[in-house]
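My entries follow in the order I made them.

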Amino acid sequence: MTTQELNYEKAMARLEEIVGLLESGRMGLQESLGLFKEGAELTAYCSGVLQSAKLQIEELFPQKEGEDIGL
């Protein structure tokens, strides 16, 4: 999956697929490591997307100091 094809929903779907493959225990070590690396990269991407969304919401609905919007 290229970065141009990547969006949050596709990344999460691929993460779910990777988790299933890793949990199956049917892969060898090298293939498992490759999937683990891909999963870590997708996790970082999704985390960045969520952080960006949180910042956008905070800009739209500024909170008083010390308040948390709960995201």
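**Entry 1: V49**

My cut-offs are under 20% relative accessible area for buried, over 50% for exposed, and partly exposed in between, with a 1.4 Å probe and protein chains only. V49 is found in helix α2.

**Entry 2: ground rules**

I note that this is a predicted model, in which local features need pLDDT of at least 70, side-chain atom pairs count only at pLDDT 80 or more, and totals for chains, interfaces and linings use all residues. Residues are numbered from 1 along each chain as its sequence is written, and side-chain values use heavy atoms, with hydrogens and water left out.

**Entry 3: the whole protein**

I count two helices and zero strands. Helices (H or I, at least four residues) and strands (E, at least two) are DSSP runs, numbered from the N terminus. Of the 71 residues, 14% count as buried. The accessible surface is about 5,700 Å², and 55% of that belongs to carbon and sulfur atoms. These areas come from the Shrake-Rupley method with a 1.4 Å probe; for residues, only the protein chains shown count as cover. I also looked at contacts (heavy atoms within 4.5 Å). Among those with a separation of 6 or more, 47% join residues 24 or more positions apart.

**Entry 4: α1**

I find 17 residues in α1, with 24 Å from first C-alpha to last, close to the 24 Å expected at 1.5 Å a residue. The expected span is 1.5 Å times one less than the number of residues. A11, R14, L15 and I18 are buried in α1. Seen down the axis, these buried residues fall within an arc of 105°, so they line one face of the helix. The arc is taken from the directions from the helix axis to the C-beta atoms. The face turned away from the buried side carries the exposed residues E9, E16 and E23. At the start of α1, a side-chain oxygen of N7 comes to within 3.1 Å of the backbone nitrogen of E9. After α1 comes G25, with a positive phi near 70°.

**Entry 5: α2**

I checked the length of α2: its 32 residues should span 46 Å at 1.5 Å a residue, and its end C-alpha atoms are 46 Å apart, which agrees. L35, G39, L42 and C46 are buried here. The buried residues of α2 pack against α1, and those of α1 pack against α2. F36 is also in α2. Is F36 buried or exposed? F36 is exposed, with a relative accessible area of 57%. F36 and I18 are 18 residues apart in sequence and 7.7 Å apart in space, C-alpha to C-alpha.

**Entry 6: the core**

Which residues form the largest nonpolar core? I list eight: L6, A11, L15, I18, M27, L35, L42 and C46. α1 (8-24) and α2 (29-60) each supply at least two residues of this core. Such a core is a set of buried Ala, Val, Leu, Ile, Met, Phe, Trp, Tyr and Cys residues joined through side-chain atoms within 4.5 Å. I closed with A11. Leaving aside neighbours within four places in sequence, A11 is in contact with L6, L42, Y45 and C46.

Methods. A polar contact is a pair of N or O atoms within 3.5 Å; within protein, one must be able to donate a hydrogen and the other to accept it, and residues adjacent in sequence count only if both atoms are side-chain atoms.
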